[in-house]
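Please keep the sequence and the structure in view while reading.

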Amino acid sequence: MIQIEYILLISAVMMFAGIFGFLTRRSTLAVLLSIELMLNSADINFAVFNRMLYPDGHEGYFFALFAIAIAAAESAIAIAIMINIYRMLKNISVDKLQKMKW
Amino acid sequence: MEYTLFILLLPFLSFLFLGICGKWLSHKTAGIIGTCCLAVVAILSYTAAIDYFSLPRLADGSFRPVSPFDINWLPFFNEGLQFKMGILLDPISVMMLIVISTVSLMVHIYSFGYMHGERGFQRYYAFLSLFSMSMLGLVVATNIFQMYLFWELVGVSSYLLIGFYYTSPAAIAASKKAFIVTRFADMFFLIGILIYGYYCGSFGFNFNAEGFAAGGFMLPTALVLMFIGGAGKSAMFPLHIWLPDAMEGPTPVSALIHAATMVVAGVFQVARLFPLWIEYAPDALSIVAWVGAFTAFYAAAVACAQSDIKRVLAFSTISQIAFMMVALGVCTEITTGHEHTGSLGYMASMFHLFTHAMFKALLFLGAGCIIHAVHSNEMSAMGGLRKYMPVTHITFLIACLAISGIPPFSGFFSKDEILTTCFAYSPFMGWIMTAIAGMTAFYMFRLYYGIFWGTENKELHAEHTPHEAPLSMTLPLVFLALITCVAGFIPFGHFVSADTRAYDIHLDWGVAGTSIVIAVGAIALATYIYKGERQPVAEAAAEKFAKLHRWAYKRFYMDEVYQYITHRLIFAHISKPIAWFDRHVIDGFFNFLAWGTNALGFQIRGLQSGSVQKYAFVFLLGILILLFILIL
Amino acid sequence: MDSQNIMFVILAVIIVLSSIATVLTKSIIRAATYLLFVLLGTAGLYFLMGYTFLGAVQTMVYAGGIIVLYVFAILLTDGAKDQAAHKKMKDASWGVVIGLVGFLTFVFVLFKQELFKGIAALGAPTEPTGAANNSIDQIGHFMLSTGEEGYLLPFEAVSILLLACIVAGLLIARKR
């Protein structure tokens with residue numbers, strides 16, 4: 001069986017890649033992609049903790065399941081907003097979206 | 001006697017109704033509502049008086065105070081010190097109820113004619129109702145704090161009514177002057193109340209003796225401070241300066257507030273606390289006497305030289321109120337009886353208050369008719385008016401005779417009692433007051449002749465012929481004149497006396513005779529000087545004593561003294577530096593705070609960039625730092 | 001080295017390389033494609049752990065649904081032309097610092113603090129017993145039961161959330 005640490009290591013790589021992307025990307029859609037990465041890494045963690053530490057339980061399993069559903073909902077809304085913004089401002093770059101700032 | 005509550009409630013409701021809905025009412029409706037309320041109040045007051053005085057007397061022959069209501073309104077920190085609101089009926093408050101409701105009703109009726117067609121008619125009636133409510137509340141107060149509350153309400157309504165013609169700068173200045181001067185005096189009243197409450201443990205009039213004995217010197221102090229408050233309201237020297245200016249208000253208001261009711265509040269207050277004065281501060285009582293005596297003399301002297309008829313009446317009011325104060329001040333004991341002349345002053349003072357309210361209201365209302373007719377306050381515009389205004393003439397004459405102390409009019413009886421008391425106190429005081437009574441007769445008849453006899457101002461009268469006032473104005477005159485004629489025969493001592501036991505008024509013919517002789521002499525002198533078409537004697541006298549005349553005409557420059565003290569001394573040397581301190585140091589500090597916050601905000605504005613990524617960066621940095629702390 | 005481990009290594013390499021590529025590539029459409037590989041790799045991990053239903057959901061929802069959504073969104077906006085992802089290296093450097101420092105801290109904690117020492121003592125994780133092998137019929141049972149192990153309430157909540165998202169998505173993105 002695979003050791004838990006290795007899987008956590010992989011999810012950590014995903015998480016910090018996501019953080020890096022979140023902090024550095026300029027396109028809003030790219031930022032959203034980074035968020036998906038981070039969410040995914042969290043999902044992996046739930047599943048792996050459930051599987052490796054409490055094989056008879058199923059809480060982490062369901063948590064991951066619901067998290068996927070919520071992630072889907074979230075990205076649907078986010079993308080709808082992005083499309084709307086793009087329609088209005090012709091731009092979705094993070095540093096250009098300043099219309100409602102002050 | 002629970003219905004006495006309506007005596008306060010009705011004018012208050014009338015005030016609210018007229019004040020809120022007044023502008024949708026016609027003049028007539030508003031006036032009728034106000035007058036009807038007051039009529040009901042007057043009827044209730046009379047009923048209350050009859051009910052109260054027909055109650056059985058106590059064993060020692062005194063009246064029992066009745067308190068139909070006494071609600072605990074504001075409980076303070078300890079049990080004894082509570083702020084109650086209620087109604088207290090005892091001889092003087094019942095007497096005051098009659099005075100106030102009668103005069104107020106007369107003024108309400110009179111105002112129909114006098115204020116006819118004025119702008120703000122409804123507002124005027126609303127304020128009259130407010131004043132009536134406050135004044136009635138003042139006299140029936142069960143404790144000194146309630147009295148103070150209504151005292152201030154009275155001050156406010158006086159302020160509002162003096163400034164009724166708010167487009168006239170003089171009226172506004174006068175209303176502010178009245179308000180500020182009386183407020184200044186009320187400050188002392190409040191301090192006195194607080195000292196009283198502290199040592200007495202109660203604000204009530206039940207005069208708990210233990211507390212006072214512990215108070216020692218503080219109780220006379222409290223009483224004197226309260227007297228200063230009363231002196232402010234009652235226009236005693238040197239706080240009298242507001243009253244002559246208050247004549248800027250409508251004349252019926254002057255009759256009601258500045259002659260009959262509000263200005264006697266100070267006298268009423270001293271009378272209310274009279275047992276305390278006698279028991280604990282008999283020495284301080286002489287302050288009251290001498291302040292009153294000086295004020296009486298000063299006001300009488302000034303009244304002799306004024307040319308504005310309302311000013312003359314105002315100074316005569318001051319002088320007469322001072323008479324009442326003197327009467328209270330010269331009292332030396334509280335036990336009533338024929339051998340106890342020391343307590344006579346109390347009764348005399350209240351009696352004079354009663355009669356004076358009637359005849360002085362009559363004088364003012366008469367003056368109102370005259371002003372209504374000639375459209376001027378100056379005596380030069382008058383003269384020879386007796387042909388045009390017979391009713392006013394007769395009633396005014398009755399009032400003048402009453403105030404001069406000519407029998408059988410009411411003023412004679414009350415003034416005679418005052419003089420008797422003064423002679424009992426000291427002959428010196430007696431002679432002073434007799435002389436002032438003579439001066440009163442002189443200036444009143446100077447006024448009378450100046451208005452109704454003397455040279456007629458033909459040009460002015462040709463332009464606008466004076467005419468008798470309408471019925472709504474003459475009716476109150478006749479009514480008050482009737483009261484003035486008969487009030488002297490009321491066995492007043494049976495109802496009101498220092499310890500509320502019955503007392504038969506009997507005339508001391510020595511004193512009475514002297515005062516009649518002096519009054520008649522003064523009237524004769526006034527007749528000699530002022531009755532004729534020309535007045536050579538008066539002009540000669542004015543020329544010979546030009547300086548004195550000028551001083552009296554200028555009211556001995558009291559206003560100028562006040563101007564000097566307030567503007568040159570207080571404003572320039574105290575208020576200005578304080579204002580500077582306030583503007584520059586206190587405001588400056590807060591401006592600095594605001595400026596500093598603003599500047600800081602500009603400096604740190606950059607952090608609040610609105611960029612989610614920067615926020616996330618800071619957030620993660622924080623997490624990392626926390627993580628390091630946890631690991632290490 | 002059994003087949004599981006070989007599979008794990010392959011998946012690990014795919015996930016690590018693809019996730020790094022996702023955030024480093026300049027073209028956003030490529031980033032979406034790399035993300036697809038990451039998500040598929042994750043699904044593979046789930047399969048490897050025996051969570052077949054979760055893996056299937058991951059594949060369907062993420063790989064099949066969300067990524068397609070993203071690609072459409074990128075095509076609908078000018079995201080495809082977004083070439084200036086790392087225009088300023090100064091900004092990126094901070095992200096690198098945070099990412100690397102964070103990752104290293106994590107690794108340090110993971111291996112040096114010996115978080116799972118107690119679990120290692122338990123021996124190799126056991127296979128799930130029959131009662132909890134998370135077969136599809138069991139999952140369905142859990143999803144719709146209200147008992148102690150039931151997930152009906154979250155299930156309904158998520159249903160409502162999704163409904164709300166559908167309505168909101170339509171409302172926000174519709175042409176005015």
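In this model, 60 residues of chain A are in contact with 73 residues of chain C, two residues being in contact if their C-beta atoms, placed from the backbone, lie within 7 Å. The model is a predicted one, in which local features need pLDDT of at least 70 and side-chain atom pairs count only at pLDDT 80 or more, while totals for chains, interfaces and linings use all residues. Residues are numbered from 1 along each chain as its sequence is written, and chains are lettered from A and ligands numbered from 1 in the order in which they are written.

**The side of chain A that touches chain C**

Helix 1 (4–24), helix 2 (28–53) and helix 3 of chain A each supply at least two residues of the side that touches chain C, and the largest share, 20 residues, comes from helix 3 of chain A. Helices (H or I, at least four residues) and strands (E, at least two) are DSSP runs, numbered from the N terminus. By class, this side of chain A holds 45 nonpolar, 9 polar and 6 charged residues, where Ala, Val, Leu, Ile, Met, Phe, Trp, Tyr, Cys and Pro count as nonpolar, Asp, Glu, Lys and Arg as charged, and the others, Gly among them, as polar.

**Two helix pairs**

Two packed helices are described by the angle between their axes and the distance between the axes. Axes are lines fitted to C-alpha atoms, for helices over the stretch in contact, and angles run from 0 to 180 degrees between N-to-C directions.

| Helix pair | Angle | Axis distance |
|---|---|---|
| Helix 3 (59–89) of chain A and helix 3 (52–76) of chain C | about 10 degrees | 10 Å |
| Helix 10 (251–260) of chain B and helix 14 (309–329) of chain B | about 10 degrees | 11 Å |

The angle makes helix 3 of chain A roughly parallel to helix 3 of chain C, since angles under 35 degrees count as roughly parallel, over 145 as roughly antiparallel, 65 to 115 as roughly perpendicular and the rest as oblique. Among the residues that make this contact are Ile68(A), Ala72(A) and Ile79(A) from helix 3 of chain A, together with Val61(C), Ile66(C) and Leu69(C) from helix 3 of chain C. The residues of this contact divide into 18 nonpolar, 3 polar and no charged.

Helix 10 of chain B and helix 14 of chain B are likewise roughly parallel to each other. Here Thr251(B), Ser254(B), His258(B) and Ala259(B) in helix 10 of chain B meet Lys310(B), Ala314(B) and Thr317(B) in helix 14 of chain B, and the contact comprises 2 nonpolar, 4 polar and 1 charged residues.

**Chain A and chain B**

The secondary structure of chain A comes to 3 helices and 0 strands. Helix 3 of chain A has 31 residues and reaches 44 Å from its first C-alpha to its last, close to the 45 Å expected at 1.5 Å a residue, the expected span being 1.5 Å times one less than the number of residues. Just after this helix, Lys90(A) takes a positive phi of about 60 degrees.

Of the 102 residues of chain A, 59% count as buried, a residue being buried if 20 or more other C-beta atoms lie within 10 Å of its own, exposed if 12 or fewer, and partly exposed in between. Residues 24 or more positions apart account for 46% of the contacts in chain A with a separation of 6 or more.

For chain B, the secondary structure comes to 26 helices and 2 strands, and buried residues make up 52% of its 632 residues. In chain B, residues 24 or more positions apart account for 79% of the contacts with a separation of 6 or more.

**Nonpolar cores**

A nonpolar core is a set of buried Ala, Val, Leu, Ile, Met, Phe, Trp, Tyr and Cys residues joined through C-beta atoms within 7 Å. Of the 214 residues in the largest such core, Met325(B), Val326(B), Leu328(B) and Ala361(B) touch the most other members, and the largest share of this core, 21 residues, comes from helix 15 (residues 344–374) of chain B. Apart from it lies another core, of 69 residues, among them Phe22(A), Ala47(A), Phe8(C) and Ile67(C).

**Loops of chain B**

Ala235(B) is found in the loop between helix 8 and helix 9 of chain B, where it has a positive phi of about 60 degrees although it is not a glycine. With 30 C-beta neighbours inside 10 Å, Ala235(B) counts as buried. Pro238(B) lies in the loop between helix 8 (218–233) and helix 9 (242–245), and the peptide bond from Phe237(B) to Pro238(B) is cis, with omega near 0 degrees.
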